[in-house]
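This briefing walks through one protein model, moving from its strands and helix to its aromatic rings and its nonpolar cores. Please keep the sequence and the 3D view open while reading, and look up each residue as it is named.

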Amino acid sequence: MGGRSSPSRENNGEGSGSGGSSKERPRSFDEKTRLACWRKAAVVAGRHPERWRQDAVGNIVCRRFWSCHGCLCYEYDHIVPFSKGGESTVDNCQILQTRVNRSKSDKAWVDEAEMRGFSCDIKFTDKELDIIEMAAYGDVIRPGKQCRCQTVAEMLGQVKSKNRMAACELPDKNTT
């Protein structure tokens with residue numbers, strides 16, 4: 001296997017494809033460049049900027065979902081594949097929803113409208129993003145709301161938490 005749909009962790013889940021040595025065709029970004037690339041991406045209004053960003057075509061992505069296949073997953077992408085200097089720089093890096101990155105492949109200058117067409121067609125509500133954030137991080141931190149997940153023992157009344165952060169209210173299962 002090892003094709004485009006299953007990148008190995010050796011290349012940090014970024015830019016996959018066939019063959020070539022890493023000296024000839026750099027495929028991955030170092031940690032410093034990934035951090036700078038994340039910070040360069042647009043902030044999602046009303047969400048924690050270290051947890052949530054928008055990719056290059058406006059899709060919301062979650063920092064915890066790097067190199068997976070869901071609609072909130074993302075990969076680091078070379079804007080222009082294999083820059084001349086052989087170095088991976090933040091100027092040549094962008095965040096793309098995984099399915100957009102895989103569809104773009106190693107093509108340079110894919111039209112933004114075409115990339116948007118590869119995107120998941122799901123718009124998440126704040127409540128849905130809160131639930132995802134609770135599952136991924138164990139709490140929600142955003143303007144106007146900071147809360148944490150309760151432990152099972154807390155929910156059963158067996159233990160009182162020493163954590164002063166308020167517990168998140170889970171959505172009622174009877175609500176649509």
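Axes are lines fitted to C-alpha atoms, for helices over the stretch in contact, and the angles between their N-to-C directions run from 0 to 180 degrees. With that in mind, helix α1 can be described as lying across β1, β2 and β3, and as running at about 70° to β2. The model is a predicted one, and the points below are grouped by topic.

**The open sheet**

- Strands of a sheet pair through backbone hydrogen bonds, and this pairing can be either parallel or antiparallel.
- Three strands make up an open sheet here, in the order β1-β2-β3, and their pairing is antiparallel.
- The edges of this sheet are formed by β1 (42-43) and β3 (60-62), each of which pairs on one side only.
- Between β1 and β2 (residues 52-54) the antiparallel pairing extends over two bridges, and within it V43 has R53 of β2 as its bridge partner.

**The pair β4 and β5**

- Strand β4 (residues 74-78) and strand β5 (residues 93-97) pair with each other in the antiparallel sense, over five bridges.
- Along this pairing, H78 stands opposite C93 in β5, while Y76 has I95 of β5 as its bridge partner.
- Strand β4 is mostly covered, with five of its five residues buried; on one side these are Y74, Y76 and H78, and on the other they are E75 and D77.
- Strand β5 is likewise mostly covered, again with five of its five residues buried; C93, I95 and Q97 lie on one side, and Q94 and L96 on the other.

**Aromatic rings**

- A pair of aromatic rings is described by two values, the distance of the centres and the angle of the planes.
- The structure holds three aromatic pairs.
- In one of them, the rings of W38 and Y74 have their centres 5.3 Å apart and their planes at 45°, so this pair counts as tilted.
- Because W38 belongs to helix α1 (residues 31-40) and Y74 to strand β4, the pair ties together parts that are 36 residues apart in sequence.
- Buried or exposed, how does W38 count? Its relative accessibility is 0%, and W38 therefore counts as buried, while Y74 is buried with a relative accessible area of 2%.
- Y74 also forms an aromatic pair with Y76, and this one is edge-to-face, at 5.5 Å centre to centre and with 80° between the planes.
- Taken together, ring pairs link W38, W66, Y74 and Y76 into a cluster.

**Nonpolar cores**

- The largest nonpolar core has nine residues, namely F29, C37, W38, A41, V61, Y74, Y76, C93 and I95.
- Which elements give two or more residues to this core? They are α1, β4 and β5.
- Apart from this core lies another one, of six residues, among them V44, C62, L129 and I132.

Note on methods. Residues are numbered from 1 along each chain as its sequence is written. This is a predicted model: local features need pLDDT of at least 70, side-chain atom pairs count only at pLDDT 80 or more; totals for chains, interfaces and linings use all residues. Side-chain values use heavy atoms; hydrogens and water are left out. Buried means under 20% relative accessible area, exposed over 50%, partly exposed in between (1.4 Å probe, protein chains only). Helices (H or I, at least four residues) and strands (E, at least two) are DSSP runs, numbered from the N terminus. Two strands pair if DSSP finds at least two bridges between them. Rings of Phe, Tyr and Trp (its six-membered ring) pair if their centres lie within 6.5 Å; planes under 30 degrees apart count as stacked, over 60 as edge-to-face and the rest as tilted. A nonpolar core is a set of buried Ala, Val, Leu, Ile, Met, Phe, Trp, Tyr and Cys residues joined through side-chain atoms within 4.5 Å. Contact means heavy atoms within 4.5 Å.
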